Amino acid sequence: MCGIVGYIGHRDAYPIIIKGLQRLEYRGYDSAGVALYDGTDINLAKTKGKVEELKGKAESSISLNGNLGIGHTRWATHGVPNDVNSHPHYSNSGNLVIIHNGIIENYESIKKELIKRGYSFSSDTDTEVLVNLIEEVQKTEDVKLGKAVQIALNQVVGAYAIAVFDRKKPDEIVVAKLGSPLAIGVGDDEFFIASDASPFIEFTNNAVYLEDEEMAIVRLGKEIKLRKIKDDAIAYPNIMELQMNLEEIEKGGYDHFMLKEIYEQPRAILDTYRGRLLADKGIIKMAGIDQHLEKFTNANRIVIVACGTSWHAGLVAEYIFENLARIPVEVEYASEFRYRNPVITDKDVLIAISQSGETADTLAAIKLAKEKGAFVFGVCNVVGSSIARETHAGAYTHAGPEIGVASTKAFTTQITVLTLIALKLAKEKGKLSKTEFHEYLSELENIPGKVEKALESNPLIEIIADVYKDSTNCLYLGRGYNFPVALEGALKLKEISYIHAEGYPAAEMKHGPIALIDEQMPVIVIATKKGHYEKVVSNIQEIKSRSGKIIAIVTEGDKQVKDLADHVVEVPETIESLTPLLTTIPLQLLSYHIAVMRDCNVDQPRNLAKSVTVE
Ligand code: F6R
């Protein structure tokens with residue numbers, strides 16, 4: 001993971017880099033650093049901790065002048081988070097300085113070789129090895145920085161997005177990418193380098209996304225030149241025009257990004273189906289599916305790969321696809337799929353779901369499925385992300401930037417996209433009558449309004465959160481479409497409040513988890529009217545007779561559960577397969593309020609990062 005930022009141009013580099021790092025903290029926040037060239041020398045400050053701490057250190061200890069600089073916010077892989085292991089790293093001569101996102105897998109053997117040649121190392125990082133390897137190549141081959149980077153990268157195994165500059169040639173930054181994202185913002189005789197476009201969006205909306213195994217030399221007064229790292233072939237930069245705006249990536253009056261993103265869901269869901277769901281015409285238009293319709297309709301099965309919350313969206317999709325389109329679906333953790341020699345053929349369609357579009361395991365699963373001949377379709381939020389580019393076709397969720405580490409609007413918009421696909425295929429395969437299809441389309445159009453309604457339970461949820469904020473364990477139960485929602489609710493609670501939580505299919509409770517139930521145990525049960533309601537009511541009774549505390553998510557107007565549960569939160573009624581879009585909302589709010597009450601860092605929970613680009 002880690003976030004990288006660089007600038008070369010006519011403005012002061014420091015404020016651009018600091019602000020950019022703050023926007024990239026979702027990628028890691030163990031430590032941070034900055035290196036600036038002030039016209040004669042490099043000034044470097046780095047520290048364990050967040051960018052705010054770096055700011056304090058840099059502003060009190062180094063000169064902040066200069067129009068060239070690089071910065072880094074770290075999620076530790078090699079070496080504990082401390083000042084020394086923070087980036088940027090100098091080469092032994094002090095001439096080169098580098099930032100790196102990724103892992104150099106063969107760094108130990110390279111390090112041994114460099115030590116034999118007289119190099120010494122102050123950190124435990126693979127990155128310090130890389131910068132010294134570049135320096136060694138520069139010396140022994142007598143080549144310029146760009147060439148040295150290229151030769152060095154041909155010797156390393158692993159993943160990287162790097163930016164490096166040379167004190168002796170301070171009119172250029174050399175960047176390269178393999179496996180980790182790297183975007184170059186192209187301004188008026190100035191260049192911005194970053195892990196995504198958020199650090200430079202207020203300066204330019206023209207950007208080049210490097211492909212894997214590409215490098216570029218960004219030089220003042222020159223156009224960007226791209227090269228293939230392996231064979232030195234010239235590649236032509238595709239300058240894209242970005243749609244994102246700055247307001248979208250700031251908090252907009254909310255205390256946390258997570259809360260803002262929870263409240264953005266009505267708009268995000270609407271944006272997801274806008275232009276795709278044409279209810280009056282009775283059609284769903286999705287270019288990525290329309291162009292490859294036969295791949296889907298002729299598929300033996302659909303395999304969904306994803307991680308974390310996106311995997312939960314995949315589980316919801318399994319129910320929807322099988323129920324509506326009658327296509328067999330398997331849902332796999334990308335990390336398991338990629339290493340278990342799966343049986344995949346050219347008759348399979350693989351759908352990869354990822355908010356960031358950068359998750360290393362999901363990316364590797366895609367590559368594996370492609371090698372085996374499957375058609376690979378991506379459902380991503382981040383436009384131009386690695387997964388979006390690696391897949392044969394895809395559909396964006398259009399949720400807008402998700403900054404809070406805990407995924408919220410990504411989940412509901414992923415479910416929305418997947419529902420549209422399932423409905424389209426169901427129609428194509430003649431599995432839904434015209435009337436049923438129309439009912440789905442018009443109900444989907446009601447969902448943003450119903451999500452608004454579900455959000456109105458916020459004050460009640462705050463009261464419930466106050467009752468259970470000191471719990472040490474929590475159980476989440478749901479059936480059918482709402483079983484994955486139970487898993488997602490539990491994941492949200494554990495990741496931001498650090499309370500242990502488990503999600504289960506409600507009926508599985510009696511096969512083990514029921515032993516945990518006592519008067520201390522809050523059990524959150526999704527008990528909406530449609531979907532095995534009576535059976536869930538029986539499960540609630542089983543919990544009640546063992547003194548468990550019940551927080552039930554019910555359909556508006558419910559009476560039966562109200563009499564049994566300790567607390568009920570109502571959501572509007574909808575078609576069964578669309579209930580996850582509503583039942584998820586109170587669970588997101590519950591984990592949010594509990595985390596705030598426990599004084600946890602909601603947007604940046606410990607040990608996590610927004611974009612998991614390491615396996
Ligand atoms: C949970 C969460 C993670 C991500 C997972 C996959 O709130 O954010 O579990 O869902 O790391 O990330 P993407 O969707 O970016 O592939």
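## His-72, a buried histidine

His-72 counts as buried because its relative accessibility is 0% (buried means under 20% relative accessible area, exposed over 50%, and partly exposed in between, with a 1.4 Å probe and protein chains only). His-72 is found in strand S4, residues 68-74 (helices, H or I of at least four residues, and strands, E of at least two, are DSSP runs numbered from the N terminus). A polar atom of the His-72 side chain lies 2.7 Å from the backbone oxygen of His-100. That is a polar contact, a pair of N or O atoms within 3.5 Å; within protein, one must be able to donate a hydrogen and the other to accept it, and residues adjacent in sequence count only if both atoms are side-chain atoms.

A word on the model itself: this is a predicted model, in which local features need pLDDT of at least 70 and side-chain atom pairs count only at pLDDT 80 or more, while totals for chains, interfaces and linings use all residues. Residues are numbered from 1 along each chain as its sequence is written, and side-chain values use heavy atoms, with hydrogens and water left out.

## Two open sheets

Strand S4 also belongs to an open sheet of 8 strands, in the order S3-S2-S4-S1-S10-S9-S11-S15 with antiparallel pairing (two strands pair if DSSP finds at least two bridges between them). At its edges are strand S3 (42-48) and strand S15 (240-241), each of which pairs on one side only. Inside this sheet, strand S9 (residues 183-186) and strand S10 (residues 191-194) run antiparallel and are joined by 4 bridges. Ile-184 has Ile-193 in S10 as its bridge partner.

Another open sheet has 7 strands, ordered S5-S6-S7-S8-S12-S13-S14, and its pairing is antiparallel. Its edge strands are S5 and strand S14 (234-235), and each pairs on one side only. S12 runs antiparallel to strand S13 (residues 225-228), with 4 bridges between them.

## Loops with backbone details

If you enjoy backbone geometry, the loops are worth a visit. His-87 and Pro-88 are joined by a cis peptide bond, with omega about 0°. Pro-88 lies in the loop between S4 and strand S5 (89-90).

Glu-213 is not a glycine, yet it has a positive phi of about 65°. Glu-213 sits in the loop between strand S11 (206-209) and strand S12 (214-219), and it is partly exposed, with a relative accessible area of 27%. His-398 likewise has a positive phi, near 55°, in a residue other than glycine. His-398 lies in the loop between strand S22 (393-396) and helix H14 (409-428) and counts as partly exposed at 36% relative accessibility.

Ala-406 is buried, with a relative accessible area of 1%. From Ala-406 to Val-602 there are 196 residues in sequence, but 8.0 Å in space, C-alpha to C-alpha.

Leu-444 lies in helix H15 (residues 434-455) and counts as buried at 0% relative accessibility. The C-alpha atoms of Leu-444 and Tyr-90, 354 residues apart along the chain, are separated by 55 Å.

## The ligand and its shell

The ligand is surrounded by 15 residues, and the closest are Ser-310, Ser-354, Ser-356, Thr-359 and Glu-495 (a residue is near a molecule if one of its heavy atoms lies within 4 Å of it). By type, the shell divides into 5 nonpolar, 8 polar and 2 charged residues; Ala, Val, Leu, Ile, Met, Phe, Trp, Tyr, Cys and Pro count as nonpolar, Asp, Glu, Lys and Arg as charged, and the others, Gly among them, as polar. Helix H10 (308-325) and helix H17 (483-497) each supply at least two residues of this shell. The ligand lies between domain 2 (251-454) and domain 3 (456-605), because both give residues to the shell around it (domain bounds come from an automatic or database domain assignment).

One distance is 2.5 Å, to an N or O atom in the side chain of Glu-495. Polar backbone atoms take part as well, that of Gln-355 at 2.7 Å from a ligand oxygen and that of Val-405 at 3.2 Å. Taken alone the ligand exposes 400 Å², and the protein buries 90% of that (accessible areas come from the Shrake-Rupley method with a 1.4 Å probe; for residues, only the protein chains shown count as cover).
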